[in-house]
Structure formats: C-alpha cells, structure tokens
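I took the entries in the order in which the questions came to me.

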Amino acid sequence: MSTNTTPNISIQELASRSEFYIGVGLAISSSIFIGSSFIIKKKALIRLTRVGGVRASSGGFGYLKEWIWWAGLICMGVGEAANFAAYAFAPASLVTPLGALSVLVAAVMSSKFLNERLNLLGKLGCLLCTIGSVIIVIHSPKEVEVDDLAVLLEKLQDTSFLIYVLVILSISLVIGVYLGPKYGHTNVIHYVLLCSAIGSLTVMSCKALGLCIKDAISGRSSDFATITPYILIITTVVFIGIQMNYLNRALDIFNTSIVTPVYYVIFTTLVIVASAILFKEWRHMSAADVIGDLCGFFVIIIAVILLNGFRDMDISLDDVRGLTRPKRQLLDQASPMDEILVAQHKSSYGSNEHERRV
C-alpha cells in the first residue's frame, strides 16, 4: 500500500510546486510589464508636450494619437492580466508583496530613459526591494491555498472571514461618508485606507474569479454555467472602481512620493491579513518561514519608502565618502565662500555673546 501511495503524493507535491513557480513567474512578469508601462506612457506625454499639444492635466486627449501611449496601455493590460492569473497559481500573500517590483522597474527605467536621477537612497531601495522579494519567495507557502472554486466558496462563508468583511465595509463606509469629506484633504491616511481596505477584498474576488477561469480552461468543471462567476465579475468591477476612485482622489491632493509608499504598506498588509484569515496558511508554515516572510515584507516596505520618499534629495556616494574624511581635510577643501560664511557666523556669534554679557 505504501509503495502505491508514495508516488501519488510526490506527483501532487511536484504539481503544486510547479504551479507555485508559475505564479511567481507571472507575478514577476506582471511587475515588469506594469513598471515599464508607466515609463512608456510618460515618454508619449513628454513627446506630446514637445510638439505643443494640450497636456493631459489640462484636459487634453492628444496622447490618444500617440502610438507610444497605446503601446504603454497594452503593456499595462498584459501586466494586469499576468497579475490576475498569478492569483490562481500562487498564494495572495506572495503575489501582492511582489507588486513592489513594479516600483523598482519604473525607478530604474526612468533613470535610463527619462534622464531622471536615481540618487544613492533610490539605488539602495532597488537593492533592498530585490533582496526582500527573494526572501518572500523563499519563505512563502509553496502550496496553493485552494485549487477548487467550491472549496473557496465554502471558506468565504467562514465566520472569521465574514467578520473581517463586515469590519472592512464598516470602515470604508465611515471614511466615505464622514471622515473622508471632513479630513481627507488634510490627512493622506483616510482615502488611502479606504482604497486599500476595498483592495484587499478585490484580491479575494480576483482569486475566486481566477479559479473559475482556471477550471474552465482545464475542463475540470463548468463554473460559467452557474451564476457564481458573473457575480464575481460584477463584484470585482465594483470594488476596482471604488478603489481607483479614492486612490485618484489621494493622488490629486497629495504628493505621489507620499501616497505610493503609504498605499503599498496598508494595501499589502491588509491583503496578507485577509489571506491569513481566509486560507489560514500560516498554520502550515514553520516559525522560521513566518519570520522570514515578515522580514522580507518589512525589507520591501523600507525599499519602497527609500525609492519614493527621498527621490528629490540630492545625495550621492561622494557625500557618504565625505563623512569618512578627517575634519582637517574637509576644512582644507572648503571654498573661499565657505570661509567667508564661517567668519561671518563667528563674528555674529561673538557680538551676540558680548551683548548677552553686557
């Protein structure tokens, strides 16, 4: 008996591992396409400005005549499709954090093709983003949480997940009706929290819809003969619409360098929490893998903040090297203007000290 079951178990494990790596590949390719799409569309907008067209921020639609902009849109569509498919093959707690790679791709490509300077902190952010992503891939659960829509629908009716959904919808309603209109223009957290909360539910509906499509392609079941997939499609579209609406409000009011890291941190955290409640995947992970997964996530958080929060700072490796030089050497390299400013500072300090004594 044991000799007959062992090969079956190994084949199932092999199939599960192969699906995991397919999901990882789709998530990484999604980040590459989405990150590249921002740069391609930006090139089209710059080209439109050079020829004297009306800018998009001023209500112009001249970019629709640029083939480069359409190439960027197609690139983004491919990336979103790959990201959508990744949820059907890999755990959501793995796919969502890997979305930070799109920030890395956009930062590197903007430095290469848009002549935007990537300072030292940005380069460190790129390195940390890569390291954090590798850590998450190594320590994430390798088994697909659910590979059947019927099992997923049963899990969606679990009491703990229904409480999570009720809390998320209540928070979103309070922010949308009261806190957002009153405080949304002065604090970035309100609109970002709303779109992140709804976004965590969007990921779960995408997961279910992805399983429907996966089952239909493999021929395992005819889910589209029932009403369930169509309810999931409507739910997903509504959630995405709400999510994009409030994210655009936040971007319109606050700087992108603030909205992007805050949104990534809150959105990814809520997706990981929702995934843990729904699939209870942490129960099947060792303590080392749980700690490693969380460490990888925190590393990516730091990387995203470095890439976005300090992009305007003029800091380079020469500035760091200057800190290691002897004080005498720094004084010798000071310019005449620096010496004049130091002398003025000393004289003003001396006069103030004299007045204080008198």
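Entry 1. In which helix is W67 found? I looked it up in the model, which is a predicted one. W67 is found in helix α2, which covers residues 67–89. I then checked its accessibility. W67 counts as exposed, because its relative accessibility is 60% and the cut-off for exposed is over 50%. I also took one distance from W67.

Entry 2. I stepped back to the whole chain. How many helices and how many strands does the protein chain have? I found 14 helices and 0 strands. Read from the N terminus, the run of elements is α-α-α-α-α-α-α-α-α-α-α-α-α-α. The protein chain has 358 residues, and buried ones make up 39% of them. I noted the accessible surface of the protein chain as about 20200 Å², with 66% of it belonging to carbon and sulfur atoms. For contacts with a separation of 6 or more, I noted that 82% are between residues 24 or more positions apart.

Entry 3. I turned to S31. Is S31 buried or exposed? S31 sits in helix α1, residues 2–50. S31 counts as buried, because its relative accessibility is 3% and the limit for buried is under 20%. I listed its contacts, leaving out residues up to four places away in sequence. S31 touches L98, G99, L101, S102 and V105.

Entry 4. S102 was on that list, so I followed it up next. S102 is found in helix α4, residues 101–113. S102 also counts as buried, at 14% relative accessibility. Which residues is S102 in contact with, leaving aside neighbours within four places in sequence? The contacts are S31, I34 and G35. The C-alpha atoms of S102 and S29 are separated by 9.3 Å, and the two residues are 73 residues apart along the chain.

Entry 5. The largest cavity has a volume of about 40 Å³. Its lining consists of S93, P97, I136, I272, W282, D293, L294 and F297. Helix α11, residues 287–309, gives the largest share of this lining, with 3 residues.

Entry 6. S286 lies in the loop between α10 (256–279) and α11. At 39% relative accessibility, S286 counts as partly exposed. Where does P141 stand relative to S286? The two are 145 residues apart in sequence, and their C-alpha atoms are 9.6 Å apart in space.

Entry 7. I went on to the second largest pocket. What is its volume? I noted about 290 Å³ of space. Two or more lining residues each come from α6 (149–156), α7, α8 (189–218) and α9 (228–253). The lining holds 13 residues, and L156, S205, L232, T235 and F239 lie nearest the centre of the pocket. The largest share of the lining, 5 residues, comes from α9.

Entry 8. I took L153, which is found in helix α6. L153 is partly exposed, with a relative accessible area of 26%. How far apart in space are L153 and A208, C-alpha to C-alpha? I have 7.9 Å for this pair, which is 55 residues apart in sequence.

Entry 9. Which residues make the nonpolar surface patch of about 500 Å²? They are L173, V174, V177, Y178 and Y183. I checked one of them, Y183. Y183 lies in helix α7, residues 159–183. Y183 is partly exposed, with a relative accessible area of 33%. Only residues with over 30% relative accessible area go into a patch, so Y183 at 33% passes that cut-off.

How values were computed: Residues numbered from 1 in each chain as written. Predicted model: local features only at pLDDT ≥ 70, side-chain atom pairs only at ≥ 80, totals over all residues. Heavy atoms only, no water. Helix = DSSP H or I, 4+ residues; strand = E, 2+ residues; numbered from the N terminus. Buried < 20%, exposed > 50% of the residue type's maximum accessible area, 1.4 Å probe, protein only. Contact = heavy atoms within 4.5 Å. Patch = residues over 30% accessible without salt bridge, like charges linked within 9 Å, V, L, I, M, F, W, Y side chains within 5 Å. Areas by Shrake-Rupley, 256 points an atom, 1.4 Å probe, with all protein chains shown as cover. Salt bridge = Lys/Arg side-chain N within 4 Å of Asp/Glu carboxyl O. 1 Å grid on protein atoms, 1.4 Å probe; cavity = no way out; pocket = protein on both sides within 12 Å on 5 of 7 lines; lining within 4 Å. Points joined across faces, edges and corners; volume = space filled by probe spheres on them.
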